[in-house]
Amino acid sequence: DEDQCTASDYSVRVLNPPKDAYDPEKWRDFFKTFDEKGVTLVTIILNNGPLLKALRARRYFRKELQRRLPNIDLDNISDEELNKQIEERAERKKQTRRPLRKVLFHCFLRPIFRVFNLYLDPTVLVKKIKERTDVAKELMKETYDVSSVIVTFESEKGQRCALKSLQASKLDIKRQNTEGKPFLFDGVLLDVTRPTEPSSMRYLNVDVSLIKRMIQFAITFAITVGLIALSATVIYSVRRRSGAFWAGILTTTFNIIIPFIVNLLLIIETHQSEDDRQRSLYIKVTLFRWVNTAIATKFVVPFTNTLGAERYDLIGAINGILVA
């Protein structure tokens, strides 16, 4: 990867900074000792997920309102004038005859979409923008702890030197065993690692604790195990009724479907980066396919039917899997 350098090749990430270490100059002074060319950038990530979510929701509703009212400049219009424009638009819409497909859409589908904040009326959008603005203003008054710090050096040498010099065991970091450690930040033994790519960071989830993320993973993992058991039961039933060949076909079908199901399960989980999300997806899909294809297929076939060529033998199941 020497030919493809990205920001993460020049950066380190501090996972356990002091909660009140807001000053980037202090971080720069600490890390510039590892690179003679100095530090280019210091990014301090705050534990302000609720504020970011409120701002994101406000931006979404503003974009939707702008899409519904393309001829209005939302940045240069008063609330009274905006409400007047919306009322005039609604009046013109009432006087316009709508085709049958639009009537059916408004009667049956639009109420469903509104649950997911889609196809909202301009008046509702204005109300939601005001609500999110008020929430964001209140959240901006709060003080947020430092969640992590990303330091970007001028050279890759600085990154490698920092990682090597600040290397410490997880046990020492957990216990803050500073004996024999020459580099301490305000008396804290730092947990330093190479960061993920900036585009893969999920800043909206930085406030989610490790315990909560582990509980979410345990829930989705348990559901995956349940899906494995259900799949094995269905395949065993099909094998008894229709033979091993069709059981093999069904095995491959389940293997094709499982990534889509796991992607839906991941809605339950919160991840601080795309790398974590892909890791969780890989673990569940791999476990399902491995057990479903190898373990379950072997266990539902008696040992005496391993090498035979009859309808219920293992060879027929493997043939069905390969054909599918």
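Are Phe31 and Phe153 buried or exposed? Both Phe31 and Phe153 are buried, where buried means under 20% relative accessible area, exposed over 50% and partly exposed in between (1.4 Å probe, protein chains only).

The model is predicted, so local features need pLDDT of at least 70 and side-chain atom pairs count only at pLDDT 80 or more, while totals for chains, interfaces and linings use all residues. Residues are numbered from 1 along each chain as its sequence is written, and side-chain values use heavy atoms, with hydrogens and water left out.

**Aromatic residues**

The count comes to eleven aromatic pairs; rings of Phe, Tyr and Trp (its six-membered ring) pair if their centres lie within 6.5 Å, and planes under 30 degrees apart count as stacked, over 60 as edge-to-face and the rest as tilted. Two of these pairs involve Phe31, as tabulated.

| Pair | Centre distance | Plane angle | Class |
|---|---|---|---|
| Phe31 and Phe34 | 6.0 Å | 55 degrees | tilted |
| Phe31 and Phe153 | 6.2 Å | 70 degrees | edge-to-face |

The pair of Phe31, in helix H1 (residues 24–31), and Phe153, in strand E3 (residues 146–153), links distant parts of the chain, 122 residues apart. Helices (H or I, at least four residues) and strands (E, at least two) are DSSP runs numbered from the N terminus. Phe34 counts as buried because its relative accessibility is 6%. One aromatic cluster includes Phe31, Phe34 and Phe153, together with Trp27, Phe30, Phe183 and Phe185.

**Helix packing**

Helices H2 (residues 49–68) and H5 (residues 122–140) pack at about 155 degrees, with axes 9 Å apart. Axes are lines fitted to C-alpha atoms, for helices over the stretch in contact, and angles run from 0 to 180 degrees between N-to-C directions. H2 and H5 are therefore roughly antiparallel (under 35 degrees counts as roughly parallel, over 145 as roughly antiparallel, 65 to 115 as roughly perpendicular, the rest as oblique).
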